[in-house]
Amino acid sequence: MSSPDLPETARAPIMFMSPPKYVQGFGLIDAFHTYIRDLGDRVTVICDNDVWGMFGDRIIASCKAGKLDLDRFIFSGQASIGQVESATKSAKSAKSDVIVGMGGGKACDVAKSVGARLGCKWATLATIASTDAPTSSLSVLYQDNGDFHSYELHGKNPDLVMVDTEAVVKGPVRFLTAGMADAVATRYESAMCAIAGSYTILGARPSNAGLALGALAWDNCRKYGISAMTAVARNAMTPAVDLIVETNTFHSGVGFESGGFSAAHAIHNGITLLPESHVAMHGEIVNFGVLAQLILEGRPDVDLDEFIEFSLPLGLPVTLEEIGLKGLSQFKLQQVSEAAVAPDESMHWMPFKVDAAMVAGALNGADAYAKSYLSGRETKLGAPNRDYAKG
């Protein structure tokens with residue numbers, strides 16, 4: 001991210017940015033028209049067949065109730081450049097003035113890119129809480145084969161963010177825990193940006209509010225994560241679920257943009273170049289990236305132990321094998337490491353210079369430490385003896 005145009009003696013400004021409206025509630029899909037009609041009356045919903053099969057009839061009914069013209073683009077499931085181009089053509093043909101990404105983070109990212117291209121309003125309707133994409137002002141775009149392509153910056157957040165917690169609690173627990181991993185990374189990555197004096201993705205210095213949201217994400221997930229996870233496993237709605245959904249979607253999304261991100265997401269982007277990693281979700285790869293970042297930082301064992309102990313009861317990966325990279329070859333390790341330090345990567349927002357060799361060492365070091373920790377967990381000094389976390 002380049003610095004803003006300022007006099008040489010001036011510091012970059014602090015910036016905090018967020019959506020103008022965030023709405024989260026149980027059964028919110030049925031009130032779709034209540035919120036969308038403030039933005040326009042011709043709507044394109046970008047949604048895959050699975051999500052539409054579960055909720056499409058309710059969206060259609062809501063649009064009829066609100067007298068909204070509805071167009072649907074069938075989303076492939078991959079937030080690729082090709083999908084953005086196809087959805088843009090569809091929405092332009094329908095003369096839509098509101099674009100809505102419905103489902104997970106990738107559908108939301110495509111909707112943001114389409115809305116930006118058409119210069120109209122765009123909104124997100126999350127039915128899972130696996131990433132902070134519904135809230136953020138950028139799109140993470142991939143090649144059609146799943147390889148990371150680029151961050152596309154839009155300069156504004158969605159005009160409206162909606163999250164239906166009824167849909168969330170009906171979804172797989174894995175989505176919720178992956179979202180927690182992505183949220184917790186905000187705490188670790190934004191702290192490095194603040195220390196470094198790096199710019200955020202907004203091209204500004206981290207705001208205290210953004211940093212506070214990153215810290216809050218860690219605090220919430222550490223205190224209420226297991227309670228929320230076990231409730232969703234039974235499709236139950238509880239206050240803990242409400243809190244974690246807000247944390248994964250809103251606190252994390254606004255926190256990373258206004259507080260900063262650094263090594264963990266750069267490592268994620270490098271890892272996704274390997275097709276075998278595509279068995280893991282975004283947040284799961286980021287979780288391993290956080291552990292590797294802690295190794296890069298030279299954190300003491302107690303900090304590594306704390307993060308591993310947070311991860312295990314939530315089923316979050318702490319080894320390469322758990323993200324599909326068992327027996328990672330030296331060639332592929334080098335490929336990932338070089339991608340993580342590419343010139344435009346967030347790795348360069350760390351408070352010290354990081355090269356590919358350092359990343360390779362951190363990846364191997366994190367994997368080795370986690371394996372050693374797991375093998376000696378019952379007797380390791382300082383390790384909590386939690387029955388639910390054994391294994």
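This is a predicted model: local features need pLDDT of at least 70, side-chain atom pairs count only at pLDDT 80 or more; totals for chains, interfaces and linings use all residues.

**Entry 1: the largest pocket**

Which element gives the most to the lining of the largest pocket? I found that α6 does, with 5 residues. Helix α6 covers residues 173-196. I then listed the elements that each supply at least two residues of this lining: α2 (49-65), α4 (105-118), β6 (138-142), α5 (165-170), α6, α9 (263-271) and α10.

I looked up the volume next, and the largest pocket has about 1000 Å³. Its lining holds 49 residues. Nearest its centre I found G105, K106, S130, T131 and M281. I sorted the lining by residue kind and got 20 nonpolar, 20 polar and 9 charged.

**Entry 2: the second largest pocket**

I moved on to the second largest pocket, where about 270 Å³ of space lies. I counted 17 residues lining it. The closest to its centre are F148, Y151, D344, E345 and S346. Two elements give two or more residues to this lining, β7 (148-153) and α9. Of the elements, β7 gives the most, with 5 residues. By kind, the lining of this pocket divides into 10 nonpolar, 5 polar and 2 charged.

**Entry 3: salt bridges**

How many salt bridges are there? My count came to 16.

I started with R42 and D69. They form a salt bridge, and their closest N and O atoms are 3.0 Å apart. R42 is in strand β2 (residues 42-47) and D69 is in strand β3 (residues 69-74), so this pair ties together parts that are 27 residues apart in sequence. R42 is partly exposed at 31% relative accessible area. D69 is partly exposed too, at 41%.

Next I took R174 and E284. Their salt bridge has its closest N and O atoms 2.7 Å apart. R174 lies in helix α6 and E284 in helix α10 (residues 282-297), so the pair ties together parts 110 residues apart in sequence. Are the two partners buried or exposed? R174 is partly exposed, with 39% relative accessible area. E284 is buried, at 7%.

Then I looked at E297 and R299, whose side chains meet in a salt bridge at 2.6 Å, N to O. E297 has 19% relative accessibility, and buried means under 20%, so E297 counts as buried. R299, at 26%, counts as partly exposed.

I also followed shared partners. Salt bridges join D30, R58, E166 and K170 into one network.

**Entry 4: aromatic rings**

I searched the whole structure for aromatic pairs and found 9.

For Y188 and W218, I noted ring centres 5.8 Å apart and planes at 70°. Planes over 60 degrees apart count as edge-to-face, so that is the label for this pair. The pair links distant parts of the chain: Y188 is in helix α6, W218 is in helix α7 (residues 208-233), and they are 30 residues apart. Both Y188 and W218 are buried.

W218 turned up again with F310. Here the ring centres are 5.2 Å apart and the planes stand at 55°, so the pair is tilted. W218 lies in helix α7 and F310 in helix α11 (residues 301-311), so this pair ties together parts that are 92 residues apart in sequence. W218 is buried at 4% relative accessibility. F310 is buried as well, at 7%.

I ended the ring search with a cluster in which ring pairs link Y151, F256, F261 and W349.

**Entry 5: charges over rings**

Which residue lies over the face of Y142? I found K106 there, at 4.7 Å from the ring centre. K106 is also among the residues nearest the centre of the largest pocket.

Y188 is the edge-to-face partner of W218 from the previous entry.

Methods
Residues are numbered from 1 along each chain as its sequence is written. Side-chain values use heavy atoms; hydrogens and water are left out. A salt bridge is a side-chain nitrogen of Lys or Arg within 4 Å of a carboxyl oxygen of Asp or Glu. Helices (H or I, at least four residues) and strands (E, at least two) are DSSP runs, numbered from the N terminus. Buried means under 20% relative accessible area, exposed over 50%, partly exposed in between (1.4 Å probe, protein chains only). Rings of Phe, Tyr and Trp (its six-membered ring) pair if their centres lie within 6.5 Å; planes under 30 degrees apart count as stacked, over 60 as edge-to-face and the rest as tilted. A charge sits over a ring if NZ of Lys or CZ of Arg is within 6 Å of the ring centre and within 35 degrees of the ring normal. On a 1 Å grid over the protein atoms alone, a cavity is a set of points where a 1.4 Å probe fits but cannot get out, and a pocket is an open set with protein on both sides within 12 Å along at least five of seven lines; lining residues have an atom within 4 Å of a point. Grid points are joined across faces, edges and corners, and a volume is the space filled by probe spheres set on the points. Ala, Val, Leu, Ile, Met, Phe, Trp, Tyr, Cys and Pro count as nonpolar, Asp, Glu, Lys and Arg as charged, and the others, Gly among them, as polar.
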